[in-house]
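Please look over the sequence and the structure shown here before reading on.

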Amino acid sequence: MAKEIQNLWREVRELSLGTKIDHLDSPPSPVKFLRDYVSQSKPCVISNAISHWPALNLWSDPAYLAGALSDDVVSLHLTPNGCADAVTEDRDLCFASAHVEKVLFPEALKAVQSSCKGQKVGYLQQQNDCFRTEYSMVALDCDGEIDWATEAFGCSPEAVNLWIGTDDSVTSFHKDHYENLYAVVSGEKHFLLLPPTDVHRLYIEQYPAANYSYHRDTEVFKLEIEEPVRHVPWSSVDPYPSPEKEASERLKYPLFFNGPKPFHCTVKAGEVLYLPSMWFHHVSQTPGDGGYTIAVNYWYDMQFDIKYAYFNFLQSLSYKSSTLNPVLSWREDKDSESSDAEV
């Protein structure tokens with residue numbers, strides 16, 4: 001059976017996905033988008049889909065944003081290392097969430113721009129429809145939905161989120177239970193993608209949930225395990241280990257490093273990535289002219305259909321591997337969808 005699992009990784013690429021992410025020069029029709037990408041759970045990058053947005057010209061100017069949002073309170077996420085919602089060794093192995101403060105936007109933007117990895121890294125985001133709740137004063141600078149996607153999905157977005165950060169912020173491998181249209185407004189976003197079939201390559205384990213707290217008077221972060229203890233299924237695979245850790249990481253995660261290469265794409269300002277539901281993604285970024293990266297993403301409800309059932313079955317198979325002895329066995333579904341972190 002272990003051989004069959006590895007054959008699945010190869011065959012899904014040969015029969016459907018190919019080896020590169022499709023790049024479309026213009027938005028597809030709703031029918032083409034549904035037929036060629038949504039139904040096949042296949043990502044693509046679309047150019048010229050948001051070229052009409054005023055945000056493309058306006059949001060690279062920090063003064064414009066600070067003025068337009070001068071009285072708006074937003075959610076500022078703070079970590080010491082730019083790795084929120086990730087497995088950390090700061091206090092044993094745990095799943096660490098950021099310290100979150102509600103502050104006026106101009107102050108929050110300065111905190112992002114002054115980020116320093118190893119000391120304090122700021123990231124503006126809140127995955128609860130924050131664009132429509134916290135940034136409504138600039139809502140007219142971009143569309144409230146992606147029209148051709150809305151028609152294809154047959155519904156409006158469940159949530160629209162705004163992301164503002166620097167290259168100090170990195171998002172670890174995870175999946176979302178939404179169809180995702182991810183529009184970059186300033187700078188670039190760099191995605192590493194793995195299809196749901198590759199779930200075993202990410203070594204998902206249960207980690208105790210923890211939260212950073214930041215004390216302004218001492219400028220010190222403290223990481224505390226939640227009480228009562230709850231566990232979050234997450235991947236600790238770092239696709240870009242430091243040179244001193246690379247050899248040990250490759251031995252620790254052979255299925256990831258020795259398997260098929262992850263799909264890679266860079267989404268530039270003015271482009272949109274379609275990221276199908278359940279695809280695993282790791283995200284880094286390069287700032288634009290304003291010294292930050294800005295993106296708006298649209299979450300559409302996924303269909304809990306036969307593909308979802310297939311994924312749950314595949315995930316229920318426990319496949320652990322060393323360089324010498326891969327093992328495949330049944331397990332209880334401890335990584336059930338109900339326990340996933342909402343990221």
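The sections below describe this predicted model part by part.

## Basis of the model

The model is predicted, and local features need pLDDT of at least 70, side-chain atom pairs count only at pLDDT 80 or more, and totals for chains, interfaces and linings use all residues. Residues are numbered from 1 along each chain as its sequence is written, and side-chain values use heavy atoms, with hydrogens and water left out.

## The open sheet

Helices (H or I, at least four residues) and strands (E, at least two) are DSSP runs, numbered from the N terminus. Two strands pair if DSSP finds at least two bridges between them. An open sheet is made of four strands in the order 9-17-11-15, with antiparallel pairing. Strand 9 (171-174) and strand 15 (263-268) are at the edges and have a single partner strand each, so one side of each is left without a neighbour in the sheet. On average, neighbouring strands of this sheet are turned by 20° against each other, direction ignored. For such angles, axes are lines fitted to C-alpha atoms, for helices over the stretch in contact, and angles run from 0 to 180 degrees between N-to-C directions.

Within the sheet, seven bridges pair strand 11 (residues 188-194) with strand 17 (residues 280-286) in the antiparallel sense. Leu 192 has His 282 of strand 17 opposite.

Buried means under 20% relative accessible area, exposed over 50%, and partly exposed in between (1.4 Å probe, protein chains only). In a regular strand the side chains alternate between the two faces of the sheet. Strand 16 (residues 272-275) is covered on both faces: Val 272 and Tyr 274 are buried on one side, and Leu 273 and Leu 275 are buried on the other.

Strand 2 (residues 44-46) runs antiparallel to strand 16 and is joined to it by three bridges. Cys 44 has Tyr 274 as its bridge partner in strand 16. Strand 10 (residues 178-186) is also antiparallel to strand 16, with four bridges joining them. Here Tyr 182 stands opposite Leu 273.

## Nonpolar cores

A nonpolar core is a set of buried Ala, Val, Leu, Ile, Met, Phe, Trp, Tyr and Cys residues joined through side-chain atoms within 4.5 Å. In soluble globular proteins, nonpolar side chains tend to be buried together. The largest core here has 54 residues, and those with the most contacts inside it are Phe 33, Trp 59, Tyr 135 and Leu 181. Helix 5 (residues 105-113) gives the most to this core, namely five residues. A second, separate core has 23 residues, including Ile 5, Val 237, Leu 255 and Met 278.

Contact means heavy atoms within 4.5 Å. Leaving aside residues up to four places away in sequence, Phe 33 touches Pro 28, Val 38, Trp 148, Ala 149, Ala 152, Phe 153, Leu 181 and Tyr 274.

## Aromatic pairs

Rings of Phe, Tyr and Trp (its six-membered ring) pair if their centres lie within 6.5 Å; planes under 30 degrees apart count as stacked, over 60 as edge-to-face and the rest as tilted. The count is 19 aromatic pairs. In one of these, the ring centres of Phe 304 and Tyr 308 are 4.8 Å apart and the planes are at 80°, so the pair is edge-to-face. Phe 304 is exposed, at 54% relative accessibility, whereas Tyr 308 is buried, at 18%. One aromatic cluster is formed by Phe 33, Trp 148, Phe 153, Tyr 274 and Tyr 300.

## Salt bridges

Side chains of opposite charge can pair when their charged atoms come close. A salt bridge is a side-chain nitrogen of Lys or Arg within 4 Å of a carboxyl oxygen of Asp or Glu. The model has 14 salt bridges by this rule. One of them joins Arg 13 and Asp 198 at 2.7 Å, N to O. Arg 13 lies in helix 1 and Asp 198 in the loop between strand 11 and strand 12 (205-215), so the pair ties together parts that are 185 residues apart in sequence. Arg 13 is buried, with a relative accessible area of 10%, and Asp 198 is buried at 0%.

Asp 198 also forms a salt bridge with Arg 201, with the closest N and O atoms 2.8 Å apart. Arg 201 is buried, with a relative accessible area of 0%. Another salt bridge joins Arg 230 and Glu 226 at 2.7 Å, N to O. Arg 230 is partly exposed at 39% relative accessibility, while Glu 226 is buried at 19%.
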